[in-house]
Amino acid sequence: MTVKRSSAAGVCWTLLMGCVFAAHAVTFEVMDGNSTCIKADLNISFSITYNTTNGTSAARFVLPSTAAVGEGSSCGGADVPPELLVSFSTGHTLTLLFSRDTRLYRVATISLQYNLSDTSTFPQSSSPGLLTVMRNVTEIWARLNSTYRCVSPSSISLSPEVNLTFSDVHMEAYMSGANLSTDESVCSADQTVTTAAPTQSPRTTSGPSPTPTPAPLRGNYTLTDHNGTACLLALMGLQLNITHRSRALNQMVSEVVNLQPNRTTASGSCGVTVATLVLTEDLTNLTFTFTLNSTTQKFSLSAVNVSALWPDMTDRFEEGNVSLNFLQCSVGRSYMCSAEQTLSIVPSFSINTFRLQLQPFNVTAGRFSAVEECRVDQENMLIPIIVGVALAGLVLIVLIAYLIGRKRTHAGYQTI
């Protein structure tokens with residue numbers, strides 16, 4: 001096992017009790033022989049409340065550059081998960097225990113053992129000795145063979161007295177090579193801007209307005225039948241709007257997240273009257289159900305279900321609606337809507353679609369059929385036509401008026 005240390009520019013962030021300055025980041029590497037299994041660049045701030053002879057006090061410090069990989073670190077084995085144990089200062093130990101499934105790995109447990117006998121860190125402590133706090137976490141996860149990256153500060157409470165703030169984290173477990181993967185799993189805080197949704201009367205806050213989330217990339221999703229023939233086609237950019245309780249703020253927030261096509265897998269089924277498209281990105285599952293009405297010979301989006309567990313969520317978010325009637329289109333055609341449109345599923349969940357084209361039934365030769373445009377696109381096309389016709393009419397009126405005026409002028413002359 002080895003540890004490498006590197007310093008970085010200082011970062012300052014604000015906690016409840018003031019500004020904590022992290023002057024460096026530390027790189028840790030856990031090895032089994034010549035193979036690296038865990039590598040982590042960690043920048044951590046600690047805030048610990050403890051009892052003193054005069055009441056209580058709060059110790060605030062950062063992970064020092066002298067921190068090292070501890071003897072308890074391990075790459076694990078068949079039934080033993082990998083573990084990163086970091087020792088620092090006088091008797092303090094931070095432990096990250098990892099777990100994995102077929103797609104993802106995560107930090108399953110974080111524990112901290114701190115030494116109240118360290119008088120330089122905990123002056124006037126009235127309870128010397130070692131204390132250990134531990135918590136199972138869901139915030140830190142990534143795809144296998146990718147690097148977890150989270151530049152934004154992220155606070156994790158191990159107990160009412162102990163809070164950790166991670167910042168500028170780059171980490172990978174279950175590594176297949178010696179270096180961090182160039183493929184990154186970016187935390188939600190780095191992807192989106194989260195704005196608080198007031199639960200009572202609205203409050204005015206100072207400072208600049210939040211930066212809008214950029215439009216999502218357009219994904220290409222195709223389902224095939226048992227013969228390998230395309231039976232459902234979808235081109236679209238998707239943006240999810242979810243209102244949930246924030247773990248960090250302990251209040252309801254509205255979070256906007258773009259679905260990343262390069263990290264999203266498509267599955268589902270094609271039927272004669274019902275087709276299902278399931279999109280999965282990490283811990284987000286989105287299910288679209290399309291229904292064909294044999295009487296009207298039109299199809300529509302009849303149901304949407306979502307299951308998501310984002311880093312700032314206190315619990316898994318699960319919602320759905322099976323009584324929808326969106327995206328209506330004639331059978332044998334493809335539905336197209338280039339304009340942004342919002343599909344309101346339930347009050348706490350909606351979807352913004354961008355540059356959408358889909359065909360869940362009667363796909364021929366793996367290509368979209370003739371398009372049937374949404375009303376917004378039709379209106380957007382109609383407006384310039386109306387303006388053009390109006391301008392042409394105005395020009396015609398001016399020309400007629402000019403010709404009439406010229407004719408009357410000639411009629412007023414007498415021959416001499």
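Predicted model: local features only at pLDDT ≥ 70, side-chain atom pairs only at ≥ 80, totals over all residues.
Visitor: Which share of the contacts in the chain joins residues at least 24 apart?

Guide: If we take the contacts between residues at least 6 apart in sequence, 55% of them join residues at least 24 apart. Several of the pairs below can be read with that in mind.

Visitor: How should I read a pair of aromatic rings, and how many aromatic pairs does the structure hold?

Guide: A pair of aromatic rings is described by the distance of the centres and the angle of the planes. The structure holds nine aromatic pairs. In one of them, the ring centres of Phe61 and Phe122 are 6.4 Å apart and the planes stand at 85°, so this pair is edge-to-face. Phe61 belongs to strand 7 (residues 55-62), while Phe122 is in the loop between strand 11 (104-115) and strand 12 (130-136), so the pair ties together parts that are 61 residues apart in sequence.

Visitor: Are Phe61 and Phe122 buried or exposed?

Guide: Phe61 and Phe122 are both buried. Another aromatic pair, formed by Phe317 and Phe349, is also edge-to-face, with 6.4 Å from centre to centre and 65° between the planes. This second pair links distant parts of the chain, since Phe317 is in strand 27 (residues 317-321) and Phe349 is in strand 31 (residues 349-359), 32 residues apart. Phe317 counts as buried because its relative accessibility is 9%, and Phe349 is buried with a relative accessible area of 1%.

Visitor: How should I read a salt bridge, and how many does a search of the whole structure find?

Guide: Side chains of opposite charge can pair when their charged atoms come close. A search of the whole structure finds six salt bridges. In one of them, the side chains of Glu184 and Arg149 meet at 3.6 Å, N to O. That pair links distant parts of the chain, with Glu184 in strand 18 (residues 184-186) and Arg149 in strand 14 (residues 147-150), 35 residues apart. Glu184 is partly exposed, with a relative accessible area of 29%, and Arg149 counts as partly exposed at 23% relative accessibility.

Visitor: With which residue does Glu281 form a salt bridge?

Guide: The partner of Glu281 is Arg263, and the closest N and O atoms of the two are 3.2 Å apart. Glu281 is in strand 24 (residues 274-281), whereas Arg263 is in the loop between strand 22 (252-258) and strand 23 (265-270), 18 residues apart. Glu281 counts as buried at 7% relative accessibility, and Arg263 counts as buried at 13%. A further salt bridge joins Glu372 and Lys298, whose closest N and O atoms are 4.0 Å apart. Because Glu372 lies in strand 32 (residues 371-373) and Lys298 in strand 26, this pair ties together parts that are 74 residues apart in sequence. Lys298 is partly exposed, with a relative accessible area of 32%. Salt bridges that share partners also join Arg263, Glu281 and Asp282 into one network.

Visitor: Where is Ser302 placed, and what is it in contact with?

Guide: Ser302 is in strand 26 (residues 298-308), and it is buried with a relative accessible area of 12%. Leaving aside neighbours within four places in sequence, the contacts of Ser302 include Thr289, Phe290, Asn321 and Val322.

Visitor: Which residues form a nonpolar patch on the surface?

Guide: Leu396, Leu399, Ile400, Tyr402, Leu403 and Ile404 form that patch, and together they have about 580 Å² of accessible area. One of them, Ile400, lies in helix 2 (residues 375-411), and Ile400 counts as partly exposed because its relative accessibility is 42%.

Definitions and conventions: Residues numbered from 1 in each chain as written. Heavy atoms only, no water. Contact = heavy atoms within 4.5 Å. Patch = residues over 30% accessible without salt bridge, like charges linked within 9 Å, V, L, I, M, F, W, Y side chains within 5 Å. Areas by Shrake-Rupley, 256 points an atom, 1.4 Å probe, with all protein chains shown as cover. Helix = DSSP H or I, 4+ residues; strand = E, 2+ residues; numbered from the N terminus. Buried < 20%, exposed > 50% of the residue type's maximum accessible area, 1.4 Å probe, protein only. Phe/Tyr/Trp six-rings, centres within 6.5 Å; stacked < 30°, edge-to-face > 60°.
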